Amino acid sequence: MTPPPAPLDQNPTAPRPSASSSPHADEQVATRFAPVPAGRRRRRYAVLGTGHRAGMYVGAITGAHRDVAELVAWCDPNPGRVDFYDAEVGTALGLDGPAGLPRYLPADLERMVAEQAVDVVVVTTPDHLHAEHVTRVQAAGADVVLEKPMATTADGCRAIAESVAATGRDLVMTFNYRYAPRNSALREVIASGAIGRPTSVHFEWLLDTVHGADYFRRWHRDRERSGSLLVHKSSHHFDLVGWWLDDEPERVFASGGLRFYGHDNAQARGLGPRPERGTGTTGDPWALDLRADRRLKGLYLDAEHHDGYLRDRDVFTEGISIEDDLSLVVDYRSGVSMTYALNAHCPWEGYSVAVNGTEGRAELTVVERGAVSVDAEGRVVLDPSANPDAVPVAPSRPEGEHLVVQRHWEGAREVPIPRGEGGHGGGDALLLADVFRRDLRLEDDPLGRAAGYRDGLRSVSVGIAAGESLRTGHAVSIGALDLGSAR
């Protein structure tokens, strides 16, 4: 049986749809694991990067997977965030106070691996640091569990490729959307041949004015740190397409811009003066008040005096260098072409994907949050399930997920979608079980959901090529970027 889900999602502003609340996954998507052999040593984990994203892994190591994993060290330049997690670990382990785990600065990463006999480092640092941190961890003799994206630049991809080839160390990419049963179901439909040979894909992802806006408050707004949403967020989406099709991207053309957020757009719409940050602002649905969330307050507001990082920047201030509207055409090795669109300022959140084939069409439609509503004080209601009376559900856009297949000359049929566990459409808990227990699998995964270095490279290659296309105005061959290979 799959262990119970970790209690933490990776993003406090993301929707919490019903698929996330299921305590157990259906058999067709759950993985069976063997019992832990008696006396087997637990693998020793360190966490590099203690922002909100690390919480899912910390919760898993000290919770559902504590019988196979042990947290032994922290590595982060901000002592306030380390204090927060160290206290949480102490509570999770039933201690009277903080866990008191050894802590290191990033400059001392190699010393941490050696002194604490670290087997695996979970890397959840800002995206532009991934290549440096992965290569240093592997050179020091440890394996890596890496949050997407793999890297933000062609140089970073090449560095990781050389590191994987030179050290032979493992690199696990955590693409949790693969484990969402709705996405697994679409992969099964395509693999079954129900729509014949795929010929084209249309994929549209909509981020609402809570979740989408959040990328324009934090460090992701800076292209040099995130590579833009094409690299940070869309790596999920490009990975799904490559996985669904079992195909490789070859050529990308992109168009887009910053058309909604940012200072100039706000002025053009007459929004007037804006505050620098959301905390302390009242009656503004664009504001994120860090005091309203215990974790955000502890990890960021209470820790910002250490490094000056503001987690709640106003989305209409200057300094944003990423796009909020994006459109791509991607050609794949098999001849399939994809049209892709990302919008980060929609009134509802979800996605739709249609796969056309020689014998029919498959359509997956997902509504994760049907509307963004505000309470009587003008504050956005982040989790409508906590107070459903405050946010009426519009019958025209109910939350849910539907997979429909229609073959030529036949009527449409809906494909049942199994239940999952945890956030990201029911995929988080299934992913975490694979990350921490994959050597105990009782059978191979027919869905091939586990992702490694090559999957990370395939997904990020689309985003990097798209960024180059935006810069030059021309289509870009991925092969010409020389992103590297682990050989």
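In the predicted model, helix α6 lies across strands β7 (198-208), β11 (349-357), β12 (360-369), β13 (400-407) and β14, and runs at about 180° to β12. These strands belong to an open sheet of nine strands with mixed pairing, in the order β14-β13-β12-β11-β7-β10-β9-β8-β15. The edges of the sheet are formed by β14 (413-415) and β15 (476-477), each of which pairs on one side only. Arg251 has Ser477 of β15 as its bridge partner. Helix α15 lies across β8, β9 and β15, at about 50° to β8.

Helix α6 (residues 181-192) also packs against helix α9 (residues 234-245). Two packed helices are described by the angle between their axes and the distance between the axes. For α6 and α9, the angle is about 35° and the axes are 8 Å apart. On the α6 side, the contact involves Asn183, Ser184, Leu186, Arg187 and Ile190, which meet Leu240, Trp243 and Trp244 of α9. By class, five nonpolar, two polar and one charged residues take part in the contact of these helices.

The largest nonpolar core comprises 92 residues, and those with the most contacts inside it are Val121, Phe203, Tyr261 and Leu328. Helix α15 (residues 453-472) gives the most to this core, contributing seven residues. Apart from this core lies another, of 39 residues, which includes Tyr45, Tyr57, Val120 and Val122. When residues up to four places away in sequence are not counted, Val121 touches Ala46, Leu48, Met112, Val113, Val137, Ala142, Asp143, Val144 and Val145.

One of the residues touched by Val121 is Val137, which is among the buried residues of helix α4 (residues 130-140). Just after α4, Gly141 takes a positive phi of about 105°.

Across the whole structure, 45 salt bridges are found. In one of them, Asp143 pairs with Arg169, with the closest N and O atoms 3.1 Å apart. Asp143 lies in strand β5 and Arg169 in the loop between α5 and β6, so this pair ties together parts that are 26 residues apart in sequence. Asp143 is buried, with a relative accessible area of 11%, whereas Arg169 is partly exposed, at 29%.

A further salt bridge is formed by the side chains of Arg223 and Glu323 (2.3 Å, N to O). Because Arg223 lies in helix α8 (residues 223-226) and Glu323 in the loop between α12 (304-307) and β9 (325-332), parts that are 100 residues apart in sequence are tied together by the pair. Arg223 is partly exposed at 27% relative accessibility, while Glu323 is buried at 9%.

The side chains of Glu304 and Arg277 likewise meet in a salt bridge (2.9 Å, N to O). This pair links distant parts of the chain, with Glu304 in helix α12 and Arg277 in the loop between α10 (263-268) and α11 (294-301), 27 residues apart. Both Glu304 and Arg277 are buried. Elsewhere, salt bridges that share partners join Arg178, Asp239, Glu248, Asp455 and Arg458 into one network.

Terms used: Residues are numbered from 1 along each chain as its sequence is written. This is a predicted model: local features need pLDDT of at least 70, side-chain atom pairs count only at pLDDT 80 or more; totals for chains, interfaces and linings use all residues. Side-chain values use heavy atoms; hydrogens and water are left out. A nonpolar core is a set of buried Ala, Val, Leu, Ile, Met, Phe, Trp, Tyr and Cys residues joined through side-chain atoms within 4.5 Å. Buried means under 20% relative accessible area, exposed over 50%, partly exposed in between (1.4 Å probe, protein chains only). Helices (H or I, at least four residues) and strands (E, at least two) are DSSP runs, numbered from the N terminus. Contact means heavy atoms within 4.5 Å. Axes are lines fitted to C-alpha atoms, for helices over the stretch in contact, and angles run from 0 to 180 degrees between N-to-C directions. Ala, Val, Leu, Ile, Met, Phe, Trp, Tyr, Cys and Pro count as nonpolar, Asp, Glu, Lys and Arg as charged, and the others, Gly among them, as polar. A salt bridge is a side-chain nitrogen of Lys or Arg within 4 Å of a carboxyl oxygen of Asp or Glu. Two strands pair if DSSP finds at least two bridges between them.
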